[in-house]
Amino acid sequence: MQLIIVVFSLCVCILAIHSQLPRPCETPPAWEGNSSVYDHHLNIHNFFRISYDKQNKRKRIIDEIRVGTPQRTFHDLIMLYDVEPPVFYYIDLITRKCTKEPARFPWRPYEIPEDANFLGEFTLGGGQLIVTEWSDAIPGIRAETWLGQFTLNGCVPVREVIANGYINQSITNTFYDVTLGIENPNVFVPPPECQEV
């Protein structure tokens with residue numbers, strides 16, 4: 001009888017602890033903001049304006065043109081996964097030439113994977129913003145290939161690191177000035193120069 005009480009008490013304790021672990025939150029379905037992307041392997045730092053529509057699987061990424069970057073092209077990239085087959089439109093921001101091609105990679109939403117592990121939380125802005133941190137690593141089984149940070153209130157993406165097994169082959173994507181919703185619903189419509197490609 002005493003063994004049953006001990007086992008029962010242990011099960012209740014495990015359930016109580018497990019129920020207190022944070023669960024991945026649901027990111028906003030549509031948002032716009034700025035992004036800073038650093039490629040650790042190529043040592044390249046780029047800045048973008050991004051529009052994101054999770055429900056319709058669409059992204060638009062516009063390079064921020066920086067003075068003093070010779071030999072570099074700047075693009076407006078429209079990624080449409082809501083059509084079959086999914087397509088990318090690349091618009092050169094200098095020449096306005098448009099190129100259409102099949103999507104280079106599958107849709108990847110800005111969200112916390114269901115099997116991600118909660119690492120902790122911290123504050124930004126003098127304690128004004130609480131951020132949670134998540135990882136897809138499973139100790140002893142799977143190395144970390146994704147690390148993400150999201151606001152506790154609203155689950156807005158703050159930063160993500162995508163690794164290829166080595167830190168020098170990773171990409172760090174930082175989001176800032178994020179606003180919820182899409183200001184212009186036509187932002188995902190390719191411009192007229194893309195209608196003939």
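Modeller: C25 is partly exposed, with a relative accessible area of 26%. Here buried means under 20% relative accessible area, exposed over 50%, and partly exposed in between, with a 1.4 Å probe and protein chains only. C155, by contrast, is buried at 2%. This is a predicted model, in which local features need pLDDT of at least 70 and side-chain atom pairs count only at pLDDT 80 or more, while totals for chains, interfaces and linings use all residues. Residues are numbered from 1 along each chain as its sequence is written, and side-chain values use heavy atoms, with hydrogens and water left out.

Biologist: How many disulfides does the structure hold?

Modeller: A disulfide is a covalent bond between the sulfur atoms of two cysteines. The criterion is a pair of cysteine sulfur atoms within 2.5 Å. The structure holds 2 disulfides. In one of them, the sulfur atoms of C25 and C155 are 1.9 Å apart. C25 lies in the loop between α1 (2–20) and β1, and C155 in the loop between β9 (146–151) and β10 (157–162), so the pair ties together parts that are 130 residues apart in sequence. Helices (H or I, at least four residues) and strands (E, at least two) are DSSP runs, numbered from the N terminus.

Biologist: Why is the disulfide of C25 and C155 right-handed?

Modeller: The torsion about its S-S bond is about 75 degrees, so the disulfide of C25 and C155 is right-handed.

Biologist: Which cysteine forms a disulfide with C98?

Modeller: The partner of C98 is C194, with the sulfur atoms 2.0 Å apart. C98 lies in strand β6 (residues 98–102) and C194 in the segment after β11 (171–180), so this pair ties together parts that are 96 residues apart in sequence. Both C98 and C194 are buried. Counting bonded cysteines along the chain, the disulfides follow the pattern 1-3, 2-4.

Biologist: Which way do strands β1 and β2 run?

Modeller: Two strands pair if DSSP finds at least two bridges between them. Strand β1 (residues 30–39) and β2 run antiparallel, joined by 10 bridges. Within this pair, E32 stands opposite S51 in β2. The two strands form a hairpin with 4 residues between them, and N43 in the turn has a positive phi of about 55 degrees.

Biologist: What joins β2 to β3?

Modeller: 6 bridges join β2 to strand β3 (residues 58–63), and these strands run antiparallel. K59 in β3 is the bridge partner of Y52. Strand β2 (residues 44–53) is mostly covered, with 7 of its 10 residues buried.
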